[in-house]
Amino acid sequence: MLDATRLRTPCLFDKIVSADEAATLITDGMNVGVSGFTPSGYPKKTTLALAKAIKAGKKCRINIWSGASVGPEIEEALAEVGGISGRMPYYAASNKTLSRQINTGIVTYIDQHLSHFAQQIDYGFYGDVDVAIVEAAAINADGSIVLGPGVGNTPMLVKHAKKIIVEVNTSIPLTLEGMHDIYICSKPPERTEIPIYHVGDRIGSPYVSCGLDRITCIVESDIVDHVRNLSAPDEASKKIAANLVDFLEHEQRHGRLPQQMLPLQSGVGSIANAVLMGLAESKFENLTMYSEILQDSVFKLIKCGKVTQASGCAFTPSPTVWEMYKEDPELYRNRIVLRPLDISNNPEVIRRLGVISMNTPLEFDIYGQANSTHVMGNRMMNGIGGSGDYMRNGYLTIFSTPSTAKGGNISSVVPMVSHADHTEHDTMVFITEQGVADIRGLSPLKRAKLIIEKCAHPNFREQLYDYLKMAQRKNGHEPVDLEHAFDMHIALEKTGTMKEQSKEENHYDYTRRFTA
């Protein structure tokens, strides 16, 4: 039940409505901004009510704008009733119905670097924010909003929204208050530098500025974020983590990294979480993080004393994380800063702090290009997210992934990526459980040989070397054999494996290339 700890002035109680009433504010064709980030701090009651109304006959398809992916109460619930027309700037394939609709063209999806979206809303590039739905822990007497564990693009959505629905969620601990640092950049030509010089610097307000008169209505909620515990690290992930630690120690010994480690950034998912967790047993101390999402491993590293400060856009409130947080909220509130997405992912700050960027691709090729988004070049798996923001601007940029997938039938190292999100101009280091390929300062051919030798699984090395030999016959600065660059992908599509078949079965026999 909402009380004065959540609604901190009496007039706010007059704005309380049911979720069904709030949903009537949303009509066909609207741009609807929602709070939250991957999937943390997102609203639930209003969108569930809207989905129910659409199922009952309401004609309404909307464009959903967010920070990153959100939970099934938004994406799945609305997609299942045909309520989503467009989606920006990110989504994840965990929401199956929306994924299918994006990949069949039912929903228009525009994939963007996450640091770009808030400022492009501010510039008016995409039109009005008709309604913003914000999940909050509380609302202050002046109308400013106390957020939960996810900031995302909420401050910018609130700034521009014509109508604002606040879902005050009583399951969010009020001890989160004070963890946030809300700062909105001025628009050019008035923009100045973002004055963050250390990971823990606070430059804004603990609250999202709003105002009582701008809050249209309030919905009470107690639904927790839909986040599961991440799976335990497998042997490949543990080996990748060990290779990462060895590489960072090597860089320190050679004077390319300071003895006090630079801030770290890590992408999302079980592999990224496992790789980061590998630092727990390393010699590194007093680590800091400047990242977008803070996963389970960050809380564990804070608890064991390895990480002393972590800045992000959100933390993933899995059952494990909530249990750890509630045991000692003061510990995490003193060490974590939650910022708007366009600050956490801002290229200026990433470069100034010298962030070491660590992300996970779907595949990468022998010349150092990486695919983070599209399976087989055309099926959107998930958006590019913040990986480009960090990979292009990091002090060191590291891509890590197991060398194979699907029981060894897919090689993560291929002759040419089927879709390029990160070009060879932005990548520096690749790590698999097989080893480390540091391609800094190497020509294309040297890059290719090193990546095959150090990162490819032994079952695929001969195929990759054969392709490289054939491509070299074409000459050129970066040799490419257009006829055979995607043979491994084509074989996978036709036979279910990238592995070279016997000559009798193989329609993509590499040896035939050398008989011309």
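Trp 322 is tucked away in this predicted model: its relative accessible area is 14%, and since buried means under 20%, Trp 322 counts as buried.

How are the rings of Trp 322 and Tyr 325 arranged? Their centres lie 5.7 Å apart and their planes meet at 75 degrees, so this is an edge-to-face pair. Both residues belong to helix H10 (residues 319–327), and because they sit three residues apart there, about one helical turn separates them.

By the pairing rule used here, the count is 13 aromatic pairs. Another of them joins Trp 65 and Phe 117: with ring centres 5.9 Å apart and planes at 85 degrees, the pair is edge-to-face. This one links distant parts of the chain, as Trp 65 is in strand S2 (residues 62–65) and Phe 117 is in helix H5 (residues 114–122), 52 residues apart. Trp 65 is buried at 2% relative accessible area, and Phe 117 is buried at 0%.

Here are the two pairs in brief.

| Pair | Centre distance | Plane angle |
|---|---|---|
| Trp 322 and Tyr 325 | 5.7 Å | 75 degrees |
| Trp 65 and Phe 117 | 5.9 Å | 85 degrees |

Finally, a charge over a ring. Which residue lies over the face of Tyr 42? That's Lys 44, at 4.1 Å from the ring centre.

How values were computed
Residues numbered from 1 in each chain as written. Predicted model: local features only at pLDDT ≥ 70, side-chain atom pairs only at ≥ 80, totals over all residues. Heavy atoms only, no water. Phe/Tyr/Trp six-rings, centres within 6.5 Å; stacked < 30°, edge-to-face > 60°. Helix = DSSP H or I, 4+ residues; strand = E, 2+ residues; numbered from the N terminus. Buried < 20%, exposed > 50% of the residue type's maximum accessible area, 1.4 Å probe, protein only. Lys NZ or Arg CZ within 6 Å of the ring centre and 35° of its normal.
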